[in-house]
Amino acid sequence: MSERGSLSRFRLRRALDNLSSKEGRGTELISLYVPPDRQISDVTNNLRQEYGTASNIKSTTTRKHVQDAIVKVIQRLKLFKQPPPNGLIIFCGAVPRGPPGSEVMEIYSIIPPEPISTYLYRCDSRFHTDILENMLREEESYGIILVDTSGATLGVLRGRRLEIVREITSGIPGKHRAGGQSARRFERLREMGVNAFFGRVSEYADEIFLHLDDLKGILLGGPGPTKHEFQDKNKMHYTLKKQILVTLDTAYIGEQGVKEIVERSSETIRRVRYIEEKELVQSFLYELGHDTGMSVYGYDEVLNSLDQGVVKILLLSEGLDAKGVDLSCSVCGKQSTRTLFGPDLLKFEENLNKEICTECGSTSLSLTQERDLLDILADLAEEKGIDVEVISTETEEGSMLLRSFGGIAAVLHFASR
Ligand SMILES: [Zn+2]
């Protein structure tokens, strides 16, 4: 299961939404970005200095909150001998729950999906999540090829960052043949020139695009008909040939053309993930429709199949509104779990004091833990090395997954019944 999968993206997105919504009462929320090559002892020393600097803060509450947060971050850092390969991000601070005095110290550590390049310590009224937000956008990449008779431009779009990797001239003879040259000979020379040019562009494309981690497709463009010719005659690796998403007219090659094609492909790019999602749900619907026994849906059935180890892909809807709660009886100590969907959770919490312990019959249950059902199921699947896909509700298939199948479905390796 790749770290760049839809599940880790979903989790990071959810964590960021949560973090960016928090606001401190004063300038007292700490964000710490530690690059992989930074010594933990360096960071700790730096934080001790910040602790000293914080003693100048006038407001006693803010000063206490900042210093408490720094101590907590230092404690958290002790869990690491060195930063993980991509570095480490820690957010910590006193977050208000209501009126002044209601602040609760919260701490989050996040391992970023890409390496962090710079060290950052910031104390602000908000958590500084921009760097992570950008990483989230920058996970997917697209190859860009622009060709016309004069040359070619190859570039990479990663998130919002555009990079021109190579520009080459075509070497194709001009449109007009030299005096005395026969038309046939001119055509042959031109043909050879075109082939050699396409060959070179293909080689560069293989070199640049084949080892990109998460290449989602190739955008092909340029003025005139050369791009269509290239689409037919290119010698790129067969996997790249299949990844050409669009062929678009642009006024230029070069930097201007690259900007133009990216602008005009935004809709296509947005749809790529949607197409993936549609296909994932359709593969489930296919098994279901053909009654192959290789699909299950709903919490109980999917859980059962996960336990049996027969799940190939687990599909979870982003809109799944359900929680698993852990309960503990204060009389007999019995631990139990419940799964609650949507509004049931609120009702359950409100009436918890009336719930009866199945072991001793008393009404002394308390809630010890509450987790999204999506996480519980995803963790179960990941432990077993099963692919997990988190599906948005942006497509018809995605909203069908939520509405008709309870947001939980799976395609199996083989029929389980
Ligand atoms: Zn009990």
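**Close-up views of a predicted model**

View 1. Asp291 lies in the loop that runs between helix α9 (266-289) and strand β10, in a structure that is a predicted model. The residue has a relative accessible area of 68%, and because exposed means over 50%, Asp291 is classed as exposed.

**View 2. Ser295 in strand β10.** Ser295 has its place in strand β10, which covers residues 295-297. Is Ser295 buried or exposed? With a relative accessibility of 7%, Ser295 counts as buried, because the cut-off for a buried residue is under 20%. The side chain of Ser295 reaches the backbone nitrogen of Leu288, at a distance of 3.4 Å.

**View 3. Helices α2 and α3 in contact.** The axes of helix α2 (residues 40-54) and helix α3 (residues 60-77) come within 10 Å and cross at roughly 170°. Because angles over 145 degrees count as roughly antiparallel, α2 is described as roughly antiparallel to α3. On the side of α2, the contact is made by Ile40, Val43, Thr44, Leu47, Arg48, Glu50, Tyr51 and Ala54, while α3 contributes Arg63, Val66, Gln67, Ile70, Val71, Val73, Ile74 and Leu77. How many of the residues in this contact are nonpolar, polar and charged? They divide into 11 nonpolar, 2 polar and 3 charged residues.

**View 4. An open sheet with mixed pairing.** In this sheet, 5 strands are arranged in the order β7-β6-β5-β8-β9, and the sheet is open with mixed pairing. Strands β7 (161-169) and β9 (244-249) stand at the edges, where each has a single partner strand, so one side of each is left without a neighbour in the sheet. From one strand to the next, the twist averages 20°. Strands of a sheet pair through backbone hydrogen bonds, and they may do so in a parallel or an antiparallel manner. Within this sheet, strand β5 (residues 141-147) and strand β6 (residues 151-158) run antiparallel and are joined by 7 bridges. Which residue of β6 is the bridge partner of Ser141? The partner of Ser141 is Arg158.

**View 5. Ser117 in the loop between β3 and β4.** Ser117 lies in the loop between strand β3 (104-110) and strand β4 (120-124), and at 67% relative accessibility Ser117 counts as exposed. Although Ser117 and Asp37 are 80 residues apart along the chain, their C-alpha atoms are separated by 9.0 Å.

Conventions:
Residues are numbered from 1 along each chain as its sequence is written. This is a predicted model: local features need pLDDT of at least 70, side-chain atom pairs count only at pLDDT 80 or more; totals for chains, interfaces and linings use all residues. Side-chain values use heavy atoms; hydrogens and water are left out. Axes are lines fitted to C-alpha atoms, for helices over the stretch in contact, and angles run from 0 to 180 degrees between N-to-C directions. Helices (H or I, at least four residues) and strands (E, at least two) are DSSP runs, numbered from the N terminus. Angles under 35 degrees count as roughly parallel, over 145 as roughly antiparallel, 65 to 115 as roughly perpendicular and the rest as oblique. Contact means heavy atoms within 4.5 Å. Ala, Val, Leu, Ile, Met, Phe, Trp, Tyr, Cys and Pro count as nonpolar, Asp, Glu, Lys and Arg as charged, and the others, Gly among them, as polar. Two strands pair if DSSP finds at least two bridges between them. Buried means under 20% relative accessible area, exposed over 50%, partly exposed in between (1.4 Å probe, protein chains only). A polar contact is a pair of N or O atoms within 3.5 Å; within protein, one must be able to donate a hydrogen and the other to accept it, and residues adjacent in sequence count only if both atoms are side-chain atoms.
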